[in-house]
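Please read the following points alongside the sequence and the 3D view.

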Amino acid sequence: MLALGLVGLVVLVLTPALVRSAQPAPAVTVVRGKMGSKVDFFRDTQVQELLRRKNFEVIVDNSGSREVATHDVARYDFVFPSGQPAAEMIMNTNVGAQAYVPFVSPIVLATYRPYAEALHELGIATPMNPDGNSPLYYRIDVSRFVELTELRRRWNDIGIREHGIQNNNLVLAHTSDVCLSNSGGTYQGLIAYAKNGGTVASSEAEVAALAESMKPLYRAQGAPTPDRVPFYLSPEGKRIAPIVVIYEHQYLAHQLRRPVGQPDEDRVLLYPADHFETQPAFIALNDNGRKLAQLLRTDPELRTRAVELGFRVLDAEQDTASPQLTRLLNDRGLEAPSSGNDHTRAYLPTLDLFEMLITRIGGC
């Protein structure tokens with residue numbers, strides 16, 4: 001009887017634990033997306049772990065933003081183009097699509113200090129912080145910069161030798177393929193704005209004339225590539241492509257990976273004086289996409305990780321950039337880019353005219 005009683009006691013003690021262990025695990029929401037440069041965020045190991053802990057598995061395919069917009073996206077739960085033109089194309093062709101903006105990243109020209117200083121001496125680039133010894137950020141007059149290319153000026157012609165470099169290549173900025181990427185296309189839009197006297201082209205005739213004048217600038221950089229960042233970060237970048245068009249977060253992520261207080265002072269950014277802030281649009285195509293979008297907008301851990309990857313997250317009202325990025329850069333001993341008081345902005349043509357500009361320049 002005693003043995004039987006002990007067995008019963010053991011059963012009574014273990015049964016609650018057994019019941020608890022039998023509870024089903026929370027369902028995992030599998031979400032598939034397609035995007036350009038924002039793939040850096042979703043392929044980050046810490047982001048993947050945070051998403052798993054929140055019962056999301058996110059599978060992403062990499063593709064240029066314009067390529068995303070011009071192909072069928074029916075097999076995806078969301079797409080994440082890097083700018084407004086591609087987002088508008090997708091929203092126009094997918095009924096029920098809903099757009100969110102969890103973070104932003106401006107278009108920038110990434111270069112090396114000797115090239116920035118050569119442009120500074122010509123009055124084309126100006127340090128954001130003129131009091132700093134080794135500024136990381138400059139403003140650049142795109143109109144005057146493009147004039148150098150049109151005049152067939154080479155780096156040796158504008159004094160790059162005085163900074164310890166020999167480079168007889170044309171002065172120009174290298175972009176990714178305008179037919180595939182948002183950054184490549186947007187930079188062409190910035191050039192068009194500058195060449196059009198700081199106004200937006202508003203007619204087919206204006207766009208056609210601008211495209212014809214800009215073709216030689218685009219072709220001068222040689223065969224297009226899908227991604228310029230690996231070139232920029234390579235030891236050969238200073239020689240192969242001394243100025244490349246990228247997104248701010250790609251540069252800041254590089255700096256944030258370095259030891260605290262030890263920035264890469266050889267690599268710097270040029271911000272167009274007439275700035276154009278791209279708004280990468282997370283476009284949810286169904287309920288699973290919408291669930292993930294809400295998580296990205298509201299989850300503190302994911303927002304913090306986005307900042308650590310160099311993105312500017314938006315405030316709770318989704319109106320302005322949060323100060324989190326500036327605080328993080330300061331904490332890491334890094335200069336933060338100044339927002340400044342100059343609100344001069346460049347604008348792209350309407351979608352139909354912008355598409356006309358890009359396809360004519362790139363022969364898409």
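Which element gives the largest share of the lining of the second largest pocket? The reply is in point 2.

1. This is a predicted model, in which local features need pLDDT of at least 70 and side-chain atom pairs count only at pLDDT 80 or more, while totals for chains, interfaces and linings use all residues. Residues are numbered from 1 along each chain as its sequence is written, and side-chain values use heavy atoms, without hydrogens and water.

2. Helix H12 supplies the largest share of that lining, four residues. Helices (DSSP runs of H or I, at least four residues) are numbered from the N terminus. By class, the lining comprises 15 nonpolar, 14 polar and ten charged residues. Here Ala, Val, Leu, Ile, Met, Phe, Trp, Tyr, Cys and Pro count as nonpolar, Asp, Glu, Lys and Arg as charged, and the others, Gly among them, as polar.

3. The structure holds one disulfide, a pair of cysteine sulfur atoms within 2.5 Å. It joins Cys-179 to Cys-364, with an S to S distance of 2.1 Å. Cys-179 lies in the loop between H7 (142–150) and H8, and Cys-364 in the segment after H16, 185 residues apart. The torsion about the S-S bond of Cys-179 and Cys-364 is about -90°, so this disulfide is left-handed.

4. The axes (lines fitted to C-alpha atoms over the stretch in contact, with angles from 0 to 180 degrees between N-to-C directions) of H9 (204–219) and H16 (351–362) come within 8 Å and cross at roughly 35°. Contact means heavy atoms within 4.5 Å; among the residues making it are Met-214 of H9 and Leu-357 of H16.

Conventions. Helix = DSSP H or I, 4+ residues; strand = E, 2+ residues; numbered from the N terminus.
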